[in-house]
Amino acid sequence: MVSGAGPRFAELAATTCFSFLAGGSHPDEMVERAADLGLPALGIADRDGLYGLVRAHEAVRRLGRAGRAAPRLVAGAALTLSGGEGREIVLLVETRRGYENLCALVTRAHGGRPKGEAALEPALLGEHAEGLCALLTEASGEAAWAEARAHFGPGRAYALACRRRVPADRVRERALRALAARFGVAVVASGRPLFHDRSRRPLVDVMRCIRAGVTLDEAGRRLLPNDEACLRSGAEMAELFADEPGWVAASAELAERCAFGFDGLEYRFPGAGAAGPAADAELGRAVRERLPGRYPRGVPGGVRARAERELGLIAERGVAPYFLSVFDVVEIARRRGILCQGRGSAANSAVCYALGITAVDPSRSSLLFERFLSPERREPPDLDVDFEHERREEVIQEIYGRYGRDRAAMVSEVICYRSRSALRDAGKAFGLGPAQLARLAGLAPLWGEGPGPAGAALREAGLDPGSGRTRRMLAIAAELRGMPRRLSTHVGGFVLSAEPLARVAPVEPARMPGRTVIPWD
């Protein structure tokens, strides 16, 4: 059901499941629910990162392709501030420059801290205020209010009011009103939703227990007091803020100013600006010089012709710098005596064989190079190179040294809950002991697409299949499946950029010393 009635309201500070173990809905669920509610815009502001924004952007595009009215995505983040527990500031992106500044602030918030932790000094806001709007709460701290008022100005600094129908609302709002009056900023309303639908409240309660390492029976005030942390329509917000309709209207007005969109975001590979005759000539020279070394008894005429045809296609696509960069990394390993070999569709290539990137002789293969790189395919070539496991770190550190840590970072992976881990963590929250947890997790292979194991299998695990508590535990484990648990580092994937990576995405320290990662899947 679409609910377009009521005043214009834009939710500016939604939390998704990419605020790891804090939000109970996927970004696409938030986007689709916002569309159903008739919201003109939706701001995603996950904690200390931009992890879910691309998925939200893709969800908006899918709705558009399906002919549905989609909310416009407002990019943002809720950054933890140093100076005390609970201090935060929500930053929303107005322009491309603002997006770059948000990436820089997220990077600096994580810099020098253990993986998964972040804290931003409020004084850094002034260095990266251009193109951003700041939303402050009563818990942000006076230093953040002062910095935001000084550097964002009254037109781009706001107080963020949230009501959850609990007694503490009055205390928090009284403090917020006083700060807004003191610093001369306007107030905008938000539901600060943690889930797209009220039914997800039990899941968020379990997530909070998992995060704190306690059971539901022990959680106390860690649990949500009600299910009011849901995404709301304009009519619902108008009712909730009936005494302050201007706060609701201000949210939609602010959302209209946040015009940045991911469609205009571009990434440039190192040397991409130099693509052209010089790069093509350098690649051609390297291939022709090394090809005889691969064929000591003479280069077969078919291979030489194939190499020239590939070089022509590479020049046509303007991707010579990519091949030269991969060749450079392979040469790093070769000079150090580190074993390496390309794999996948690159094995079709005479150019890759000549450069020593692959070990498959194209004269013994009937595979087409166009499977690897063709004029019809718009995406860049896919060239994977495996390095000797024991010495991979040497290559990684030399890449960092060569390109600089501002232009090179390892790839992240999003580790999501699967059946076994969902059953185990949900079981812990419901207070199961180690033996029961082990038996319950052992039932994961029996779990299909339904609500979970049942009947005799549960009885064998020491659980009552007819118990309401057991059914709730299994239902929550089913919802937990597919939710992100944490970020991890890809075994060896790198992103290299011609420009500082923080213009495209934040960079965070990895758990392993000496490594940094780009925290997108």
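**Close-up views of a predicted model**

**View 1. Helix 10 packs against helix 11.** The axes of helix 10 (residues 277-294) and helix 11 (residues 301-317) come within 10 Å and cross at roughly 165°. Helix 10 is therefore roughly antiparallel to helix 11, since angles over 145 degrees fall in that class. The crossing is right-handed. The model shown here and in the other views is predicted.

**View 2. Residues at the contact of helix 10 with helix 11.** Helix 10 contributes Asp-280, Leu-283, Gly-284, Val-287, Arg-288 and Leu-291. Helix 11 contributes Val-303, Arg-304, Ala-307, Glu-308, Leu-311, Ile-314 and Ala-315. By class, the contact residues of the two helices divide into eight nonpolar, one polar and four charged. An α-helix has 3.6 residues a turn, so residues three or four places apart point the same way.

View 3. Strands of a sheet pair through backbone hydrogen bonds, either parallel or antiparallel.

**View 4. Strand 10 beside strand 11.** Strand 10 (residues 408-416) pairs with strand 11 in the antiparallel sense. Eight bridges join strand 10 and strand 11. Ile-415 has Arg-486 of strand 11 as its bridge partner.

**View 5. Strand 13 and its two pairings.** Strand 13 (residues 516-518) pairs with strand 12 in the antiparallel sense, over two bridges. With strand 10, strand 13 pairs in the parallel sense, also over two bridges.

**View 6. The buried residues of helix 1.** Helix 1 spans residues 27-36. Its buried residues are Pro-27, Glu-29, Met-30, Val-31, Ala-34 and Ala-35. Among the elements that cover these buried residues are strand 1 (11-14), strand 2 (41-47) and helix 2 (53-65). Gly-38 follows helix 1. The phi of Gly-38 is positive, near 75°.

Definitions and conventions. Residues numbered from 1 in each chain as written. Predicted model: local features only at pLDDT ≥ 70, side-chain atom pairs only at ≥ 80, totals over all residues. Heavy atoms only, no water. Pairing = 2+ DSSP bridges. Helix = DSSP H or I, 4+ residues; strand = E, 2+ residues; numbered from the N terminus. Axes fitted to C-alpha atoms, helices over the stretch in contact; angles between N-to-C directions. Parallel < 35°, antiparallel > 145°, perpendicular 65-115°, else oblique. Left-handed = near helix turned anticlockwise from the far one by under 90°. Contact = heavy atoms within 4.5 Å. Nonpolar A, V, L, I, M, F, W, Y, C, P; charged D, E, K, R; others polar. Buried < 20%, exposed > 50% of the residue type's maximum accessible area, 1.4 Å probe, protein only.
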